[in-house]
Amino acid sequence: MSGIFANWAGFSRLRTIAARAAHFVARNARAAPADACVRRAATVCWWSATRTGSGVRDQASESIFHILDRFHIELPSWGFSNTGTRFGKFLQPAAATNLAEKFSDAGFVHSLTGACPSIALHVEWDFPNGLSDAPEAERLARQHGVAPGSINPNLFQDQIYKHGSFGNPDAKVREAALAHTIESIRIAKRLASRDLSLWFADGSNYPGTANIRHRRRWFEECLRAAHGELGSDQRMLVEYKPFEPAFYHTDIADWGMALLMARAAGPRAKVLVDTGHHYSAQNIEQIVAWLLSEDMLGGFHFNDRRYADDDLTFGSIDPYQAFRIFHEILLFEFERGAAPDIAYMVDQSHNLKGKIEAMIQTVATAQELIAKAALVDHTALAAFQARSELVRAENCLKDAFSSDPRPAIREWRRAHGLPEDPLEAFRESGYLERAARERAERNLAGAASYA
Ligand SMILES: [Mn+2]
């Protein structure tokens, strides 16, 4: 592992130089936009050039290098341990059994992908002793080359939260929830983590059992109080979800409610979009576009869904939707001339797929989809939209989505001293077998029936 890290560190300077060069090229391209046809022809030329191995890199490749250089995805600590469905767990012998192993797994994924420099931490599961566990997390971060990322309080597992946390009618429970949130903010400060990431299970199962407006007010009071504890460089991310575990009403059920809550909390509160937290057929990219235009999009939890909050691999069910989300972000960036400040995070717990393997697949998929989005010709698109040339406008997206960015992504990995195929490199590394040998006993000891 240390060898890979040394290699990675050695290429970081090269990466900076490449990023600056790419930025320069992109800026000039924006200053003097080429005719759409010329640019499309250039794209085709580049793919031919790559295939013939002439080493010529043109606009398409530069766009992909530019986006990959700055596209980082945070991995969730809980995605490496044995979690399950509500019906049970299928235990994996190599799953992480403690914080050190979670850091190790996340660090290994980062060493193979070069795209995951931080790990999201969950206070209840990763800091059982609260703030006093923070120095150990700091030490592990240094050891494994992956920084502590967003800090996630747990406001749903304790018995006191049976009827809610910030929305609980009992003021004592609301106080306890707020105290836990403030403790989480202290942990974040100690670890120099910027984002406090909040998801609430609060809601009710039956009509008439909860006062929806009172609960909203209690939520706002608690969020405002928590916001007051944030450091000047910290943010609060408010996540929404339409249903589950509550099946009649959820206190923060959609992006509009999350937006109002974030605004009520204070200026450093933003909305977090979990791609799995929407009703079927909801237009997520429109939500993204609206939040961008309000400067209220703080971050993402990536995963995919077919029915509900299925926690499937990002892009596995509907890659075009993920592409369209990235497109709205990059279009916004093109129009504004600066990238929005968005935390990209994975929120997936795999019960069947190998956990590390699934994370690497997720990261590679996200890179492919944002690379495709980076190939959309924004100048041409704007012209087609202005003239209502519908098919041409739509094809700007379809052409980019149909392109294959994988050769350029492999080239980007080579240029950064990373394995061209991180999944294959993982399988050949022996990491999984070693982890299984070391952890199997602890994993099996942790097996328990669901009921
Ligand atoms: Mn989430």
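**A colleague's note on this predicted model**

1. Residues are numbered from 1 along each chain as its sequence is written.

2. Now the chain as a whole. Its mean pLDDT is 89, and 86% of its residues reach 70 or more. You will find 17 helices and 10 strands; these are DSSP runs numbered from the N terminus, with helices being H or I of at least four residues and strands E of at least two. Of the 451 residues, 43% are buried (20 or more other C-beta atoms within 10 Å of the residue's own; exposed is 12 or fewer, and partly exposed is in between). Among contacts between residues at least 6 apart in sequence, 78% join residues at least 24 apart.

3. Next, look at helix α12 (residues 355-373) beside helix α16 (residues 422-429). Their axes come within 9 Å and cross at roughly 160 degrees, which means that α12 is roughly antiparallel to α16. Axes are lines fitted to C-alpha atoms over the stretch in contact, and angles run from 0 to 180 degrees between N-to-C directions. Angles under 35 degrees count as roughly parallel, over 145 as roughly antiparallel, 65 to 115 as roughly perpendicular, and the rest as oblique. On the α12 side I356, E357, I360, Q361 and A364 take part, meeting P422, L423 and F426 of α16. By class, this contact has 6 nonpolar, 1 polar and 1 charged residues (nonpolar: Ala, Val, Leu, Ile, Met, Phe, Trp, Tyr, Cys and Pro; charged: Asp, Glu, Lys and Arg; polar: the others, Gly among them).

4. Helix α12 has another neighbour to visit. The axis of α3 (residues 59-70) comes within 9 Å of that of α12, crossing at roughly 135 degrees, so α3 and α12 are oblique to each other. From α3, I64, I67 and L68 meet Q367, I370 and A371 of α12. The residues of this contact divide into 5 nonpolar, 1 polar and no charged.

5. Do have a look at P405, in the loop between α14 (390-402) and α15 (406-415). P405 counts as buried because it has 25 C-beta neighbours inside 10 Å. Leaving out residues up to four places away in sequence, P405 touches I64, E368, A371 and K372.

6. Finally, some backbone details in loops. The peptide bond from E244 to P245 is cis, with omega near 10 degrees; P245 sits between β6 (235-239) and β7 (249-250). D295, in the loop between α10 (284-293) and β9 (297-302), has a positive phi of about 55 degrees although it is not a glycine. D295 is exposed, with 10 other C-beta atoms within 10 Å. S388, also not a glycine, has a positive phi of about 50 degrees and lies in the loop between α13 (378-386) and α14. S388 has 8 C-beta neighbours inside 10 Å, so it counts as exposed.

Methods:
Predicted model: local features only at pLDDT ≥ 70, side-chain atom pairs only at ≥ 80, totals over all residues. Contact = placed C-beta atoms within 7 Å. pLDDT = per-residue confidence, 0-100.
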